[in-house]
Amino acid sequence: MLVMVLLAITMFARAIPPQSPGTLIIEVRSQAQPIFEAEVRAGDRAVLTDPRGEATLEFPPGEVTLTVRRPGFKVLTLSAVVTGATTTRVTVELEPEVLEEEVTVTVTRTEQRIEDTPIRVEVLQQEEIEEKALMTPGDIAMLLNETSGLRVQVTDPSLGAANVRIQGLRGRYTQLLADGLPLYGGQTGTIGLLQIPPLDLGQVEVIKGVASSLYGASALGGVINLNSRRPEQAEREILFNQTSRGGTDGVLWLADALTHNWRYTLLGGGHYQKQQDLDDDGWADMAGYRRIVVRPRFYRQDESGRSLFVTAGAMAEDRTGGTIGQATVPDGNPFPEELTTQRYDAGVVGRFLAGSNVVSWRGSGMTQHHRHVFGPDIERDRHHTVFGEVALTGSNRGHTWVIGSALQTDLYRSQDVPGFDYSYIVPAIFIQDAYAFGPRFTLSGSGRFDFHSDYGTFFNPHVSGLLRLPKNFTARFSAGTGVFAPTPFTEETEAVGLRNVSPLTGLESEMAWSTSADIGWKGSNIELNGTFFRSDVSDPIGVLLPDIAGQAMTIVNSEGSIRTTGTEVLARFRTGDFGLTFTHTYIHSTELDPNETMRQEVPLTPRHAAGLVGMWEKENRGRLGVEVFYTGRQRLDHNPYRTESEPYWIVGILAERRFGPVRLFINGENLTNRRQTRYDPLVRPQQHVDGRWTVDAWVPLEGRTINGGMRLSF
């Protein structure tokens, strides 16, 4: 009898059709805005929200307990009832955890909070940019030079040309971008840094180490992305600045709305510097220049998630250096140096939603004309860069991925030295994926294929990870490879031109790998971070000097690699209106120069550099700051006066006072008056075999400088 009852129950159960699972859509919002990449977890199942702030899961009918997490917001736990074969939509509102301003970075291709990026990105915010705009309104050299791990190195004292080295690697390995676009060319020249005013910048993002998997071959040493200042409201501002060394800057910045969705900004600047011969030897220790800059930008964004950004720029500069008037160099002849530059660029960035994914596209074009005078010789050339990219970004089941394709063309044409003309066409495909193993660990991997028209196909991978440890500690690691295609432009050839250089033959691409690891801690008033980094560049390009002057130099691949190891330490303290920042960088970088027989330290690379910056700032009243920087000893190359530099200290003071719409400021830079010609002459006793009349600059050339002016909002 019992068997018959059990059989009847079994047959009845089989006759009941199984209930279909139900679909649950969780929409995560905060202050009426969708929250991207919030983690929605049910038991051991987790999914990240898409750009619409939505996450989709399937469950059998019944009650489900959900946990929603997003860094920067309070954790939310809720219950939802799922009905079979139907779709249930639940909207949740996350409450911000802290009132601190969030910093979002774009240089990693996915717009994320800086705390959530597996790869370490350092950000200079608008407050820091504004401080440096008061010190040097005409360029961003000081802004970058006072950043830990970055060093702006003068490459041509005659004209003041400089590039930025990241963690000891030479400046040609640094990719300089503007809003993610190569508006300054595929290989930024040594004058480029000195022609970018900082007043219209809202944020500067820095990736240190190989970033070729993100931005191609020009990013062998790292990436610096200059993000423009967004027009949040109608603003009009004029800055006027005068220096004790005969410099004058006038900058205009406008921002306003054109329509409901369209906004614009406009930057216009005029900059002047008088030639300065500080030691009265007939040679310009500070090059003179006249420069004008114009850059309009347009922004559009609507409620559907579509956005468009358009920028254009024009810059013209005349720069003069070398001998002044009737003065001569030691051989009895005048040797003037002049550089006339005209640059025009345009770029566009757009994005829109395709379902739950984001389609982004960007493109730019740049053309630059030079007329360079080296004593009796003249070289005229043109540089062109054209860039285009399209990418698709999405998230699913803990993954945030990007896949895309890019094309970049770099052309060089010389009117006077045509043997160095080149046309590099490089299509590429790339992929990136970041997977969140729960709220504490995120692993990111990326890879890029570049199909170079002259040097073949390259594949560069990159991997990075973020680990959130207990008690507000975080740890990151990163490793990647990169490739750099040779060009005739090195620090040596940009200083002397290409007339005395042999045509390029038999060169191989430079190959590099880098790795870094850091650990940080952040409290309510204190932030600490320590970084270890290592890089290796094989087959580096070098210049083989001739035995006697007048013979041609040769660009070759050096036999040994450039090996760099170092550490960075950062400590920030802030309480109320006062902030204090300490940085220290240690770099040990060696190379086998093609002109030497043994491995030596890379010239102009100090082992130790440190800085201490204190700033008091009261909104609507003013600011007062003190800076102290230390630069250690550097090996000097081909210097007839010394083989090693002296260590030196630089002290600066900034004061600003606000009176309604007017802000008056005064800045004292290099108050210790460290100047190279106070140690040794800048001019050589005889011309070097490469054609240069000056030694390398290892200490500031301008000495103590006082500048002051006003900023007027109207």
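Helix α2 (residues 126–135) is mostly covered, with seven of its 10 residues buried; buried means under 20% relative accessible area, exposed over 50% and partly exposed in between, with a 1.4 Å probe and protein chains only. The buried residues of α2 are Ile129, Glu130, Glu131, Lys132, Ala133, Leu134 and Met135. Helices (H or I, at least four residues) and strands (E, at least two) are DSSP runs, numbered from the N terminus.

The model is predicted: local features need pLDDT of at least 70, side-chain atom pairs count only at pLDDT 80 or more, and totals for chains, interfaces and linings use all residues. Residues are numbered from 1 along each chain as its sequence is written, and side-chain values use heavy atoms, with hydrogens and water left out. The mean pLDDT of the protein chain (the predictor's confidence in each residue, from 0 to 100) is 91, and 96% of the residues reach 70 or more. Over residues 1–16, pLDDT stays under 50, and the model has zero contacts beyond four places in sequence for this stretch. Where pLDDT is low, the predicted coordinates should not be read in detail.

The largest nonpolar core has 36 residues, of which Ile140, Leu144, Val204, Ile224 and Leu226 touch the most other members. A nonpolar core is a set of buried Ala, Val, Leu, Ile, Met, Phe, Trp, Tyr and Cys residues joined through side-chain atoms within 4.5 Å. Strand β13 (residues 161–166) gives the most to this core, with four residues. Leaving aside neighbours within four places in sequence, Leu144 is in contact (heavy atoms within 4.5 Å) with Leu150, Val152, Val164, Leu193, Val204 and Ile224. A second, separate core of 21 residues includes Val28, Ala38, Ala42 and Phe73.

Thr147 lies in the loop between α3 (141–145) and β12 (150–156) and is buried, with a relative accessible area of 9%. Beyond four places in sequence, Thr147 is in contact with Glu122 and Leu124. Gly186 lies in the loop between β14 (174–178) and β15 (201–208), and its relative accessible area of 6% makes it buried. Not counting residues up to four places away in sequence, Gly186 touches Gln175, Ser218, Thr385, Gln408 and Asp410. The C-alpha atoms of Gly186 and Asp410 are 6.5 Å apart in space, although the two residues are 224 residues apart in sequence.

Most residues other than glycine have a negative phi. Asp539, by contrast, has a positive phi near 55°. Asp539 is placed in the loop between β31 (526–538) and β32 (541–544) and is partly exposed, with a relative accessible area of 24%. Asn670 also has a positive phi, near 60°. Asn670 is found in the loop between β40 (662–669) and β41 (705–713) and is buried, with a relative accessible area of 3%.

The second largest pocket holds about 270 Å³ of space. On a 1 Å grid over the protein atoms alone, a pocket is an open set of points where a 1.4 Å probe fits, with protein on both sides within 12 Å along at least five of seven lines; lining residues have an atom within 4 Å of a point. Grid points are joined across faces, edges and corners, and a volume is the space filled by probe spheres set on the points. Of the 21 residues lining the second largest pocket, Phe335, Asn500, Gln687, Asp690 and Gly691 are the closest to its centre. β24 (377–396) and α5 (491–496) each supply at least two residues of this lining.
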